[in-house]
Amino acid sequence: MAFYAFNFEYDNIPCEKFGLFLISPDANGVITSTGSGSVELYTQEVYRRPTPYSFGTKQSPVLEFDLSFASFEKIDFYQQTLIQRWLLGQSSYKKLKIAQIGMSNFYFNCLFTEPTFTNVGNFAYTMTVHAICDSPFAWEEPTVWTTTATNSNADGVDLIINNESDLNDYVYPKITVALSNDSTGEFTITNKSLTYANGNYETLAMNGLVSNETITIDCDLGIISTNHNAITNRYKNIVDGSTFLRLKPYFNTINIKGDCIMTISYQNARRVSA
């Protein structure tokens, strides 16, 4: 994978701070690149059966690629240590944004390894690192939906959310529910585009909350938190039969009831080939 770009940003620090820019090690302009988002099949072969049983797929492997940097100025030993402190040895994935046409809203969550320098005497002029990402995809900046619901509207408020992720599976968003001063301490989120086996819509509902409370829900990790200092457990306030909100690919009709301001955010996975 190679990138046709000059500038990049890693861990919110621009490359210009160190006088670096991206280069392509293949100067002839003809590059064979690998796309992202391959799948690993899970199958089981059975004796005398011509076709194997298929149990699904796994998005694998994580995205990996090399990046090469250069500088118009020679890089001395001290500058090399500063660059390596910035790019290498991170304890967690950091954002890598590349200023390439068509990728302005995308970024990679990655770590850099295997650094190599091209030196002339005691000075370096180019550097190459190997990037290891947290997934087989690049990520789009979060998509955020915000709406206000009131108990005076018995039918609730509908949001039409289009899940455009390149991951052909459910997306589990993050939800923030800010209850109003006049709230009765309950809210309901219903995805009218998904149903249980009994035919009812998939629903997440909570009650027994307090006015002006803010509830934060990570539907992917199943974590519920509150800004109410005196309360540590809000799982007991989940209405029986509820499930964490998920978005199917393409259009979802989300119905919201309760006196609250609700924010739903999620990130689209993006297949890239550069």
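Guide: Gladly! Let's begin with two strands: strand 11 and strand 19, residues 260-266, run antiparallel to each other and share seven bridges. Please keep in mind that this is a predicted model.

Visitor: What makes strand 11 and strand 19 a pair?

Guide: Two strands pair if there are at least two bridges between them. Strand 11 and strand 19 have seven bridges, so they count as a pair. Within this pairing, threonine 147 stands opposite methionine 262, and tryptophan 145 faces isoleucine 264.

Visitor: Which residue of strand 19 is the bridge partner of valine 177?

Guide: That is methionine 262. Strand 13, residues 174-179, also pairs with strand 19 in the antiparallel sense, over six bridges.

Visitor: What is the order of the strands in the open sheet?

Guide: The five strands are arranged 11-19-13-16-17, and their pairing is antiparallel. From one strand to the next, the twist averages 15°.

Visitor: Why are strand 11 and strand 17 called edge strands?

Guide: Strand 11 (143-149) and strand 17 (223-226) each pair on one side only, and that is what marks them as the edges. As background, strands of a sheet pair through backbone hydrogen bonds.

Visitor: How do you know that strand 19 is largely enclosed by the rest of the structure?

Guide: Five of its seven residues are buried, so strand 19 is described as largely enclosed. Here buried means under 20% relative accessible area.

Visitor: Let's turn to the aromatic rings. Why is the pair of phenylalanine 18 and tryptophan 86 called stacked?

Guide: The ring centres of phenylalanine 18 and tryptophan 86 are 4.6 Å apart, and their planes meet at 15°. Rings pair if their centres lie within 6.5 Å, and planes under 30 degrees apart count as stacked.

Visitor: Are phenylalanine 18 and tryptophan 86 buried or exposed?

Guide: Phenylalanine 18 has a relative accessible area of 11%, and tryptophan 86 has 5%. The limit for buried is under 20%, so phenylalanine 18 is buried, and so is tryptophan 86.

Visitor: Which residues form one aromatic cluster?

Guide: Phe8, Phe18, Phe69 and Trp86 do. The structure as a whole holds seven aromatic pairs.

Visitor: How do the residues of the pocket lining divide?

Guide: The lining of the largest pocket has 10 nonpolar, three polar and four charged residues. For the largest cavity, the lining divides into four nonpolar, three polar and two charged residues.

Key
Residues are numbered from 1 along each chain as its sequence is written. This is a predicted model: local features need pLDDT of at least 70, side-chain atom pairs count only at pLDDT 80 or more; totals for chains, interfaces and linings use all residues. Side-chain values use heavy atoms; hydrogens and water are left out. Ala, Val, Leu, Ile, Met, Phe, Trp, Tyr, Cys and Pro count as nonpolar, Asp, Glu, Lys and Arg as charged, and the others, Gly among them, as polar. Helices (H or I, at least four residues) and strands (E, at least two) are DSSP runs, numbered from the N terminus. Axes are lines fitted to C-alpha atoms, for helices over the stretch in contact, and angles run from 0 to 180 degrees between N-to-C directions. Rings of Phe, Tyr and Trp (its six-membered ring) pair if their centres lie within 6.5 Å; planes under 30 degrees apart count as stacked, over 60 as edge-to-face and the rest as tilted. Buried means under 20% relative accessible area, exposed over 50%, partly exposed in between (1.4 Å probe, protein chains only).
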